[in-house]
Amino acid sequence: MGYVGRSSNGKIAGYGALDVVLEGLRRLEYRGYDSAGVAVVADGVISSRKKSGKLNNLLVELEENPLPDSLTGIGHTRWATHGGPSDQNAHPHLADGGKLALIHNGIIENFAELKLELVGKGVTFLSETDTEVAAALLADIFRSKLNGDVSDGGLTRAMQLACQRLEGAFTLLAVHADQPDVVVAARRNSPLVVGLGEGENFLGSDVSGFIDHTRRAVELGQDQIVTITADTVEITDFFGAPAEGKEYHVNWDPESAEKGGFASFMEKEIHDQPDAVAQTLLGRSDIHGRLTLDELRIDVELLKSVNKIIVLACGTSAYAGQVAKYAIEHWCRIPTEVELSHEFRYRDPIVDGNTLVVSISQSGETMDTLMAVRYAKEQGAKTLSICNTNGSTIPRESDAVLYTHAGPEIAVASTKAFLAQITAAYLLGLYLAQLRGNKFQGEIKDILADLGKIPAKIQRILDNEGQIKDLGRSMADAKSVLFLGRHVGFPVAMEGALKLKELAYIHAEGFAAGELKHGPIALIEEGQPVFVVVPSPRGRDSLHSKVVSNIQEVRARGAKTIVIAEEGDEAVKAYAEHVFYIPEAPTLLAPLLATVPLQIFALELAQAKGYDVDQPRNLAKSVTVE
Ligand code: M6R
């Protein structure tokens with residue numbers, strides 16, 4: 001966060017830089033939370049406080065050691081890369097004899113070489129971070145190249161020169177005691193947005209940092225420097241040439257970024273899911289069931305000529321991609337591969353002008369996915385982004401975008417974004433089928449009608465969540481939980497396992513149920529909890545009976561079986577310790593329902609263990625480093 005305000009008496013409308021920055025950090029804390037720090041400029045002096053641990057630790061420190069009133073400030077919450085999460089390694093880092101403070105997201109890849117050079121010049125370092133190297137470099141340039149002269153650009157010029165020497169991915173924000181009314185920032189491969197106010201301006205990793213104050217935001221381009229004062233925003237490239245950002249209106253409701261009466265953001269977001277799916281479907285088809293995705297802004301002829309689709313994503317978004325594969329191949333008959341972005345990027349994938357690369361990302365900032373998309377573009381592929389964050393980097397750099405409309409997702413564990421991603425992927429699959437004539441219009445209309453019924457069905461699951469909550473609480477002592485599924489139930493099983501790992505720190509694995517007998521069944525011993533996602537008995541009967549056999553196999557070896565099955569499926573009862581019924585849905589659409597009890601289970605179990613479900617240990621919401 002960065003802020004500059006204007007006033008005659010040291011405060012604007014009752015608040016100062018520290019209030020704005022801390023409030024912004026509170027909203028942005030989900031991005032990283034192993035330490036936090038702030039710096040303000042007051043009376044020509046930089047004052048800074050920083051503390052390891054969550055933002056609350058910093059707030060306690062600020063109570064004990066308050067900072068002076070100020071109208072210029074920066075603040076940071078960290079997800080450690082170089083150097084552990086200690087007070088010392090927390091940002092801001094000071095340089096120029098304490099006159100310059102700098103915060104940083106990302107990784108400076110050539111920091112070791114720069115550090116050697118600076119040590120050679122007599123600079124001493126207090127932390128293990130690459131950030132302190134960037135601060136020292138900036139200070140060195142400001143002092144030795146510009147002689148500390150603030151009349152001709154000063155800190156802005158120094159930032160331009162420093163960025164020319166930095167390699168890697170970074171967002172940097174700096175303040176200097178000699179330029180007390182200015183925050184200078186730079187971005188390369190790492191997010192940064194400007195918020196435009198009246199007599200005040202803001203900087204944030206994303207707009208949630210300042211939506212309480214303004215809905216006017218400016219997207220910065222790659223390799224740009226921005227200098228904000230209370231009244232001005234000036235953008236240049238790294239060489240000082242004037243540049244422009246793109247202004248847009250933020251339509252997120254600040255309230256939707258709040259908990260809305262729930263105990264955690266995650267619980268709220270699970271309960272937002274009927275709406276997330278409904279909003280993602282809204283306005284995308286006409287009354288004849290014709291999909292109207294003109295917003296994609298991609299040449300229709302090009303989509304018709306696609307002969308291969310590669311879906312790229314990480315984590316939960318990759319599981320959404322796996323569901324997409326089943327649907328797209330079934331509806332469009334286009335071979336579809338799903339690959340983890342970081343694996344795709346470093347092999348030698350076969351991609352050409354007829355390949356459509358579909359990236360899926362909630363944040364739109366995941367570095368692994370961004371790099372994979374760039375690589376695919378270089379290889380000539382057409383790129384389409386399914387994304388939840390308007391104006392973020394991945395959709396901006398893609399040829400086309402299909403936004404999910406889940407609203408802001410704050411909890412680190414993805415829930416509503418997952419269902420919205422699956423929904424958007426279905427829309428894409430149906431749209432391709434419509435364009436290419438793989439399906440009759442009536443068939444598409446019927447599937448859309450089925451999709452339209454999903455939000456109410458999710459709501460029914462949520463209205464009856466008591467049973468799964470009880471089970472989650474009762475299993476707080478479980479050491480390991482396995483999840484099995486076939487077909488689209490397989491990615492659901494993996495997502496169920498991921499939720500449990502990241503929230504409750506329990507060993508959990510999702511397996512393709514058919515794979516069990518090839519090894520994992522050896523894990524089954526007396527009392528081992530096994531969730532089984534059972535497909536509809538109405539659809540592909542062979543699939544259903546195979547999964548029922550898998551339940552019997554693990555049960556025969558002592559497993560405690562917990563089954564997610566469709567209402568009316570009596571066949572599973574005999575083999576299940578617990579059955580959770582979900583409403584009927586066509587097989588391909590069932591993940592939108594079957595996932596929900598697994599999310600609630602993980603949430604409850606983690607809460608019963610006393611863990612922070614919104615900010616699990618070691619994680620960050622947007623993984624903006626490779
Ligand atoms: O923002 P993205 O969708 O690109 O994020 C991808 C993953 O980092 C994310 O889904 C992660 O796995 C979540 N913590 C899962 O809950």
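Predicted model: local features only at pLDDT ≥ 70, side-chain atom pairs only at ≥ 80, totals over all residues.
Start with helix H13, which covers residues 416-436. The helix has 21 residues. From its first C-alpha to its last it reaches 30 Å, close to the 30 Å expected at 1.5 Å a residue. Now look at what surrounds the helix. H13 is mostly covered, with 20 of its 21 residues buried. An α-helix has 3.6 residues a turn, so residues three or four places apart point the same way.

Stay with H13 and find Arg 436, which lies in this helix. Next, look from Arg 436 to Ser 305. The two are 131 residues apart in sequence. In space their C-alpha atoms are 8.8 Å apart. Just after H13 comes Gly 437, with a positive phi of about 70°.

Now turn to the salt bridges. The count for the model comes to 38. One of them joins the side chains of Asp 231 and Arg 6, at 2.9 Å from N to O. Where do the two partners lie? Asp 231 is in the loop between strand E12 (224-228) and strand E13 (233-237). Arg 6 is in the loop between strand E1 (2-5) and helix H1 (17-28). The pair therefore ties together parts that are 225 residues apart in sequence. Arg 6 counts as partly exposed, at 48% relative accessibility.

A second bridge links Glu 409 and Lys 621. Their side chains meet at 2.6 Å, N to O. This pair, too, links distant parts of the chain, 212 residues apart. Glu 409 sits in the loop between strand E19 (400-403) and H13. Lys 621 sits in the segment after helix H18 (591-608).

Lys 268 is buried, at 8% relative accessible area. Asp 272 counts as buried as well, at 18%. Both values fall under the 20% limit for a buried residue.

Salt bridges can also join up. Glu 23, Arg 26, Arg 27 and Asp 212 are linked in a network of them.

Next, move to the surface. Here Glu 109, Glu 113, Glu 167 and Glu 626 gather in a patch of negative charge. Take Glu 109 as the entry point. Glu 109 is found in the loop between strand E6 (100-108) and helix H3 (111-120).

Now follow the backbone itself. Most residues other than glycine have a negative phi, and most peptide bonds are trans. Some places in this model depart from that pattern. One of them is the bond between His 91 and Pro 92. This peptide bond is cis, with omega at about 5°. Pro 92 is found in the loop between strand E4 (72-78) and strand E5 (93-95).

Asn 189 has a positive phi, near 55°, and is not a glycine. Asn 189 lies in the loop between strand E8 (179-188) and strand E9 (193-196). Asn 189 is buried, with a relative accessible area of 13%.

Asn 618 has a positive phi as well, of about 65°. Where is Asn 618 found? Asn 618 lies in the segment after H18. Asn 618 is exposed, with a relative accessible area of 64%. So Asn 189 is buried, whereas Asn 618 is exposed.

The last stop is strand E24, residues 578-582, which holds Val 579. Val 579 counts as buried, at 16% relative accessibility. Look from Val 579 to Glu 566, 13 residues away along the chain. Their C-alpha atoms are separated by 9.6 Å.

Technical notes. Residues numbered from 1 in each chain as written. Heavy atoms only, no water. Helix = DSSP H or I, 4+ residues; strand = E, 2+ residues; numbered from the N terminus. Expected span 1.5 Å × (residues − 1). Buried < 20%, exposed > 50% of the residue type's maximum accessible area, 1.4 Å probe, protein only. Patch = residues over 30% accessible without salt bridge, like charges linked within 9 Å, V, L, I, M, F, W, Y side chains within 5 Å. Areas by Shrake-Rupley, 256 points an atom, 1.4 Å probe, with all protein chains shown as cover. Salt bridge = Lys/Arg side-chain N within 4 Å of Asp/Glu carboxyl O. Lys, Arg positive; Asp, Glu negative; His and termini not counted. Charge placed at Lys NZ, Arg CZ, Asp CG, Glu CD.
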